[in-house]
Amino acid sequence: MKNFLRLYAESEEILYKMCNDKNNAIRKNAINKDFKGITHLISATWRNGMAAPSGKKILKHINDGTLNVSYKKFGKLRMFASKYKLDERRYSGLNLTNIGNSKKNTIEFRMANGTLNPEVIKQNVFLYASLINTAIQMTDNPLIYNGKLTEFYKTDVTEEQKVNNFLNLIMDYPEDRQIFFDRWQSVKNDKVFENNYKKGFAQNRFQREQFKKITERTPITLIKQAYSYINQMLSKTSEKGDVFYDI
């Protein structure tokens, strides 16, 4: 389970972008913010989102050694909480509330939009099954996946590189990988995915992409000022060592 949750958390943001058919981004209110305290209670009465990201929390629990996934029976209290959306765990893109339940021991992926298209449904099942199967296989045969896992867990990459590393890890055939790459590419810049760093996704999974976005929204005058300042500092340093540097 730990291997599966690590894979999921690491790939969650790109999973949200490839879990629907091409040009069909995830529904507007599916990605929630975390509400706490009295704000959480009040917001539960109007919030429509049903698939909140949880990758950030999962990785924190893994890194802290506090990961604990188990089924807890709340009876009528749980039924009441679910009705009014107070049981936040249930309304995540990955619902684990039934793990360990003898009657319904399941994992639920909630991020995909509703569809009656059998081809899209089949592809979604294949995507989730490939992720789960990879987690099982890497647990049974870890050495086989070392190289691909090393590439996948790299964070000094662009989002596109992360997508390719993820698909290479969980799928064997190029034609299968292309389906989900095309899905991702068609919605990766959709408005619903703006400011993902403020939501529950694991942060800094593809740092080059984030640096690029920071550069794009930084005024050119500030960039020129920074270069000028660096040049001045390097020039002063070079005068002492009889070496001149320039950028």
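Guide: Happy to, and what follows begins with a helix pair and then turns to salt bridges. Please keep in mind that this is a predicted model.

Let us start with helix H1, residues 2–18, and helix H5, residues 118–140. Their axes lie 10 Å apart, and the two helices pack at an angle of about 155°. Since angles over 145 degrees count as roughly antiparallel, H1 and H5 are therefore roughly antiparallel to each other. Their crossing is right-handed. On the H1 side, the contact is made by Asn3, Phe4, Leu7, Tyr8, Leu15 and Met18. H5 brings Leu127, Leu131, Ile132, Thr134, Ala135, Met138 and Thr139 to the contact. Sorted by class, the residues where H1 meets H5 are 10 nonpolar and 3 polar, with no charged ones.

Now for the charged pairs. Side chains of opposite charge can pair when their charged atoms come close. Searching the whole structure turns up 9 salt bridges, and each of the two helices we have just visited holds one of them within its own length.

In helix H1, lysine 17 and glutamate 13 sit 4 residues apart, about one turn of the helix. Their side chains form a salt bridge with an N to O distance of 3.9 Å. Both partners, lysine 17 and glutamate 13, are buried.

Helix H5 has its own pair, lysine 122 and glutamate 119, spaced 3 residues apart, again about one turn of the helix. The closest N and O atoms of this salt bridge are 3.4 Å apart. Here lysine 122 has 51% relative accessibility, and because the cut-off for exposed is over 50%, lysine 122 counts as exposed. Glutamate 119, with a relative accessible area of 37%, is partly exposed. Elsewhere, salt bridges with shared partners link Arg6, Glu10, Lys162 and Arg205 into one network.

One further pair deserves a look: arginine 110 and glutamate 108, whose side chains meet in a salt bridge at 3.2 Å, N to O. Glutamate 108, at 31% relative accessibility, counts as partly exposed.

Note on methods: Residues are numbered from 1 along each chain as its sequence is written. This is a predicted model: local features need pLDDT of at least 70, side-chain atom pairs count only at pLDDT 80 or more; totals for chains, interfaces and linings use all residues. Side-chain values use heavy atoms; hydrogens and water are left out. Axes are lines fitted to C-alpha atoms, for helices over the stretch in contact, and angles run from 0 to 180 degrees between N-to-C directions. Angles under 35 degrees count as roughly parallel, over 145 as roughly antiparallel, 65 to 115 as roughly perpendicular and the rest as oblique. A crossing is left-handed if the near helix is turned anticlockwise from the far one by less than a right angle, and right-handed if clockwise. Contact means heavy atoms within 4.5 Å. Ala, Val, Leu, Ile, Met, Phe, Trp, Tyr, Cys and Pro count as nonpolar, Asp, Glu, Lys and Arg as charged, and the others, Gly among them, as polar. A salt bridge is a side-chain nitrogen of Lys or Arg within 4 Å of a carboxyl oxygen of Asp or Glu. Buried means under 20% relative accessible area, exposed over 50%, partly exposed in between (1.4 Å probe, protein chains only).
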